Amino acid sequence: MDFNFAKKQVGRISRNKIILMLITMALVAVMLIGIYPSLGNVYLERAILVDGDYIGKMIYDGEVYVNATADCLFDTGYELTDNGVTKHKYYAFWAEDKCIICKVDKSLTEEEYYSYSLTGKLIDPTEEDADVIWEIKMEVREYMDDSMISSYMLDATAGRLGDQIIAGLLIAALLFGIVQIIFAIMSILDYKKNKQFKKLGTDLDGAERVNHGISAIYFQETPSKKKGNMKFFRDWIVQTSPLSFSVYKKEDIVWIYKSVTRHRTNGIPTGKSYSIMLYAKNGGCI
């Protein structure tokens, strides 16, 4: 049996870290797969919207951010207000044989009606947008079939920054997980490279001396007391958690005090809980 306390603890927490990182990376990967078709569209070129009949396929393929050049924009006369302030205005344009409703955040000048370049996101209308589109359909149904108005709309108020940040964070999380797994494997191969081991002393030699001291009794003696994640030996206190471990020599404990927490429910006292706080010379707190 290998009576090396630090080696066993480093191996344990490193394996736990690898498992945790693999689970986290799997969840992140699932989230990335959900937006994978859009990654190129989010970071690189926008798709070109030409034919309104293909909007559904474009959205399915992840080509949700688009550029569209309209020969002419038509003011629908509808707008969305909030406390009397105009939030959005609704225009319409033709993409081949489909009429597309477009939401913008400003009123357009007469010059902007012609050869106007639209940049936005293809979306299913929100509830408030759907109400506006339904009213537009009711207004024009006498001279235009409902099927000529696309069930999707172009939101020219939507930028790509939000999706870029989310995708960037997910990719960064994957890279972080890979780096952590590499560090964990290195710690398993050489426990002295682990930062938890290095914290046992002021330098590597000091950490090794502490390790020899606790290894001599950890596997041989029965703790005089166990409390939560702590074990109390005659001269040592060992604290462990799934991802860390600490060792304190009793003579290094410099300050002990009782902590009292009063509990209340709806202002009514319901009891107290007690704990003991121990501070060591190295600044550690138990």
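Guide: Quick ground rule first: a residue is buried under 20% relative accessible area, exposed over 50%, and partly exposed in between (1.4 Å probe, protein chains only). What you see is a predicted model, where local features need pLDDT of at least 70 and side-chain atom pairs count only at pLDDT 80 or more, while totals for chains, interfaces and linings use all residues. Residues are numbered from 1 along each chain as its sequence is written, and side-chain values use heavy atoms, leaving out hydrogens and water.

Visitor: Why is lysine 192 called partly exposed?

Guide: Its relative accessible area is 38%, which falls in the in-between range, so partly exposed is the label.

Visitor: And what makes lysine 192 and glutamate 208 a salt bridge?

Guide: The term asks for a side-chain nitrogen of Lys or Arg within 4 Å of a carboxyl oxygen of Asp or Glu. Here N to O is 3.4 Å, so the pair passes. Lysine 192 is in the loop between H5 and helix H6 (195–198), glutamate 208 is in helix H7 (residues 204–218), and 16 residues separate them.

Visitor: How do you know whether glutamate 208 is buried or exposed?

Guide: Its relative accessible area is 13%, under the cut-off, so glutamate 208 is buried.

Visitor: How many salt bridges does a search of the whole structure find?

Guide: Seven. One of them joins aspartate 129 and lysine 103, at 3.0 Å from N to O.

Visitor: What makes lysine 121 and aspartate 163 a pair?

Guide: Their closest N and O atoms are 3.7 Å apart, within the limit, so this is a salt bridge too. Lysine 121 sits in strand S6 (residues 114–123) and aspartate 163 in helix H5 (residues 161–189), 42 residues apart. At 22% for lysine 121 and 27% for aspartate 163, each counts as partly exposed.

Visitor: Which residues form the positive surface patch?

Guide: Lys258, Arg262, Arg264 and Lys272. Patch members have over 30% relative accessible area and no salt bridge, with like charges joined within 9 Å. Strand S12 (residues 253–265) brings the largest share, three residues, and arginine 264 is placed in that strand.

Terms used:
Patches are made of residues with over 30% relative accessible area and no salt bridge: like charges are joined within 9 Å, nonpolar side chains (Val, Leu, Ile, Met, Phe, Trp, Tyr) within 5 Å. Accessible areas come from the Shrake-Rupley method with a 1.4 Å probe; for residues, only the protein chains shown count as cover. Lys and Arg count as positive and Asp and Glu as negative; His and the chain ends are not counted. The place of a charge is taken as NZ of Lys, CZ of Arg, CG of Asp or CD of Glu. Helices (H or I, at least four residues) and strands (E, at least two) are DSSP runs, numbered from the N terminus.
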